[in-house]
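This report describes selected features of a structural model. The structure is shown first, and the description follows by topic.

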Amino acid sequence: MTSAVPSVQMLVITKRFPGVLANDHIDFSANAGEIHALLGENGAGKSTLMNILSGLYHPDQGDIHIHGRRVALRSPRDAISLGIGMVHQHFMLVEPHTVAENVTLGLDEPRFLLNSGQIEQKIAALSEKYGLKVDPEARIWQLSVGEQQRVEIIKMLYRNADILILDEPTAVLTPQEARELFATLKRMAAEGHTIIFITHKLDEVMAISDRITVLRKGRVVSTVFTSATSKQELARMMVGREVFFQVTKSPWRGGQAVLRVEAARALSDKGLPALKGVSFAVHEGEILGVAGVAGNGQRELAEAITGLRPLTSGEVYLCDRRITNQNPRQILDQKVSHIPEDRLGMGLIPNLSLSDNLILKGYFAPPLGRGPFLDQKAIDAHCRELISRFEVMAPGPDSSVKLLSGGNLQRLLLAREISCCPRLMVAVHPTRGLDVGATEAVHKMLLEQREEGAAILLISEDLDELLSLSDRVAVLYEGEIMGIVPAQGAQVEEIGLMMAGTKRARPAEVAA
Amino acid sequence: MKLTLRLERRLTPSRALGFLIPVFSIVLALCFGAVLLAAVGKNPGVVYQKMFSGAFGSRFGLTETVVKAIPLMLSGLGVAVAFRMLLWNIGAEGQLQIGAFAAAGVALAFPQAPAVVIIPAMMLAGFLGGALWASIPAALKAKLQVNEIITSLMLNYVAIYWVEYLVYGPWRNPKGYGFPGTAPFSPAAELPRLGTSRVHLGLLFGLVAALCLYFILRRTKWGYEIRVIGENPTAARYAGISLTRNILMVMALSGGLAGLAGMSEVSGIIHALQRGISPGYGYTAIIVAWLAKLNPWAIVVVSFLFAGLLVGGDQLQISMGLPAAMSNILQGAVLFFILGGEILVRNRISLTWEK
Amino acid sequence: MFRGKVLWTLLAALTLVATLVAACGPTPTPVPPTPTPVAKPTIPPPTATPAPTAPPKMKVAFIYVGPIGDAGWTWAHDQGRLYLEKQLPYVETTYIENVPEGADAERVIRDFAQKGYQVIFTTSFGYMDPTINVAKDFPKVTFMHCSGYKTAANSGTYFGKIEEPRYVSGLIAGKMTKSNILGYVAAYPIPEVIRGINAFTLGVRAVNPKAQVRVVWTNTWYDPAKERTAAEGLLDLGADVIAQHQDTPGPQQAAEARGKYGVGYDADMSKFAPKAVLTSPIWNWGVYYVDAVKRVKEGTWKTEQYWGGWKDGIVDLAPIAAFVPAEVKKLAENKVAEFKTGKATIFTVFSGPLKDQTGKVVVPEGKSMTGDELLNMTWFVEGVVGTIPK
């Protein structure tokens, strides 16, 4: 499987950002015909390293050899001309244009003079060869996220990329789509391509890669053959300590419905229907998981419940009191907390201090606010208590939030949202982008709230997470609930089908 | 080999540089000016010495600099509080004019009133006048999402022409031989001055306003809301902070402070309403607020320094016989270099040799 | 980040706005602008201030509202300053230009007083109160304020009866019109401008009782484009002579472009529109500056409200165009001679019977208006078509 010369060789790469050593003397090599996983927690330096390989960043130090030849990568264009292509987490496609136009965009070829049929033929050939099904004449906005990803890959192949880098490619896919992607990648590897796969999901790594390089804090921990390692070992290398994957939770004790949503309808930011008559209930001490591929109404659902988005019809009840279309302040006053999807964009204020962030939901009432003033003493005490109780690693309550790591940001957010003793907690992608250690901590906190009797609506794209934390799982597809199943003993296959739009045969109302 | 120059964004703007670069920028601007001055045959050292002593070197210069700093300070504070909340109030000039108009109206309507009554009444009128004027763009923004940059800017012209209309027409001094301008205020309506200088009570307004603003922003719920909205409007909405109410209140405060600047100009300096009560203070205030990074205390300092630059600029003509354009060029250069230097606080330059 | 970007864009826009505002800011005084026939329109460098020459010179300062290169009001005063320097060798002068009429003026005037200047001329109406304020504190310094009405023991005012040459220009215009409609581009509806319109109209009607003078207000002293547009509007109404109370030759150029006539102001505007300009009433400040400074030097100066006429030389009429028929020129020159000898004055111009626009007699036969009435004049005489906004 390995040829004499590695197709990619990166030697003693060092890259420093102000205050951070992102890559510290990293040696990395990948061979033609292999799928090489780059594994590490957030901030371990995976993306930095691959951005260097794709010409986006310049290393402070170190050499790069491609097929045994030393090269200088000044720009992504240089990288592409050497056959290196990267598929980013956020796709770089022009929505109103067709697939064929996007594929040829930015090429030096005079594409308007070229026979467009020829281009489409070539795209069709590529998609045939690697199982990347996509219509060359379709416009990007008409495509699903999975199809868009295929366009990105075809784009790279069209440019004759034989070294393909994928940055967390499965984050946006259904399990079925992920499986198709893996098949494609294997076929490409068999053709002699080099596939580098960035991820922090251990299951994926075990399923698809040939070799794994684990990074931690900007350094290489080890490079191992997949066949010679285990999930446990990889996790230990990644985190630097033993990790337990099993979450233990007590069975649901039963209780009243805290949140009832009835036939809720709402529009997206673009004014299109995003929720099309959603009904469900969440009970005391229960976690209701909401599964679904991103963009199927999850955000709108969370915002409709918390008062950030008006319902066009339908009702929302909190403990049998109607809270439909109340304003966010009224709703949060009734002990509803909200961990938004976009932590820095909505949940926190990056440029303000920890304490300013911690009082966001409580500054207006005693003990933090008194009359028109803020009670600085009470605020200080409150913040110190939360920082230590939730183990937020920060220099102090006055330091700026933007300096915190992803895990600490989420601890801070949870500290605030839990400190109000919520009856209902709406948590949207609470562990997205978090490393294994931080994910574990968040899971623990959510389960503690469940134990305390809070109702939790957990929206996530991570099926493993949903299945291990939730009592029941609802699947959202294009603004409708395809079905609600008990998490215990749920079939991933079945959920996957619902995520792709197949309604469950009998409308489930389980354990209610 | 080729040398490439790149601007790289600093993750955290440097604090030390935040102080050093403006200083360095001023030095650079002065060097630039020195070349120009040398080119027209003047000794730059002498010119700068004259400028400095003109603005800060004598009791007269110093007090005049303070006089000029007062309206900059008040309207600068007003601009800053709006900018804090991402409300681009470009209308300080108009709000100042309306404040002056309202205060003058009170002074002219009650020529017999004693100082203890008329001065607070004029302050109130000036503040309310500016506040109401600023409420027009605020309401349009809050209710109809109309861009406040355009509306506040356009209202400046309305305000200026309104004052012109009054002083040429209905409010013209009947004993003024038909010349534009109202009758002078009664002595009671004049702000007390410091000794024989022209420094008036408006200075205290400015300092108290800075103190209040600092206190509001740091220690009150309202100030907290302003800071949150300014840093992250989405988070503010998420926390249930009312944008509409804050837009209205902050713009009113902003306009009110500019209005107070107008009141202190007519009551402290001019003692009547006339054309040209402000040579663009409301616009200069925006520059002052920005240079001071919207910090209330820094605005006090920057408005004083900026006033010094303006006052000192006179000496180019008076003592050096240089044309007025020269002092405009120097002022422009200082601004240009300081604002240009800001890029370095936020970014760093990396020079690399490449094959 | 977002905030940064917006602020930067904003600042760029603002700097632009500020520059524009600064450029349009200080409009000249509510007083007419001027050229003197004294010198060519070259702008010599200003004189340096402290010179260690043997006998200490008399230091005289001038405060200008516009730039000396404005070709109008400030330029005319600066010509007067240069004339003063040339005529009186013991005088040295300094000026400061572009001084706004608000709070800044007092500082600048005071600064000159402190620096030992003995005579200070403040040449814009808006400097009146600042001049009086500073004068109070510097009793040994002599102040002279152009166009105002407030005086103190050491502070006088000065101005000129430009209506006299305006009347004569009216005589010429009244003879030259064929349509019997004359246009007048006027700055602001204040007594000074109204007086000018009336004087011109009285001149026109003295030779052509059927003619009417149509007035358009621009509400600006200095705005070439606006003035030109206003003139074009009048031409469209059938006016074939365009007179003006503005600081630019825009109206004259508009008249020339249509092959019509015009009457300039401030300076001899014939060089800007040689085929149109019949003549121009002009200012000659230098005469007064020399006289006043001389009196200060000799110790005979006393506070005064100087209001000089043609006889005193402070106002004049630019040469009448060559294309004006000889008999019209003769008629005008006879009248000029009367003014120069003092036989005719502003008071003979404004003497009864004077009717207002409605035809009502306001000044009866045998009476003439007083100086005070003239300075407060807010009504149009018969023959003027237009309104005075209240």
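## Terms and model

Two strands count as paired if DSSP finds at least two bridges between them. Strands (E, at least two residues) and helices (H or I, at least four) are DSSP runs numbered from the N terminus.

The model is predicted, so local features need pLDDT of at least 70 and side-chain atom pairs count only at pLDDT 80 or more, while totals for chains, interfaces and linings use all residues. Residues are numbered from 1 along each chain as its sequence is written, and chains are lettered from A and ligands numbered from 1 in the order in which they are written.

## The open sheet of chain A

In chain A, 6 strands form an open sheet with mixed pairing, in the order 16-19-20-13-21-22. Strand 16 (336-339) and strand 22 (480-486) each have a single partner strand, so one side of each lacks a neighbour in the sheet. From one strand to the next the twist averages 15 degrees. Within this sheet, strand 13 (residues 287-291) runs parallel to strand 20 (residues 455-459) of chain A, joined by 4 bridges; A:Gly289 stands opposite A:Leu458 of strand 20.

Two helices of chain A lie across strands of the sheet. Helix 15 (residues 436-451) lies across strand 13, strand 19 and strand 20, at about 150 degrees to strand 20. These angles run from 0 to 180 degrees between N-to-C directions, with axes fitted to C-alpha atoms, for helices over the stretch in contact.

## A hairpin in chain A

Strand 11 (residues 257-267) and strand 12 (residues 273-283) of chain A run antiparallel and are joined by 8 bridges. They form a hairpin with 5 residues between them, and A:Gly271 in the turn has a positive phi of about 85 degrees. A:Leu267 has A:Pro273 as its bridge partner in strand 12.

## Helix 12 of chain B

Helix 12 (residues 296-318) of chain B has 23 residues and spans 34 Å from first to last C-alpha, close to the expected 33 Å (1.5 Å times one less than the number of residues). Of its 23 residues, 18 are buried, so the helix is largely enclosed by the rest of the structure; buried means that 20 or more other C-beta atoms, placed from the backbone, lie within 10 Å of a residue's own.

## Chain contacts

Residues are in contact if their C-beta atoms, placed from the backbone, lie within 7 Å. Among the 2 pairs of chains that touch, chains B and C have the most contacts. Chains A and C share no contact, and their closest C-alpha atoms are 10 Å apart.

Definitions and conventions. Buried ≥ 20, exposed ≤ 12 C-beta atoms within 10 Å, placed from the backbone.
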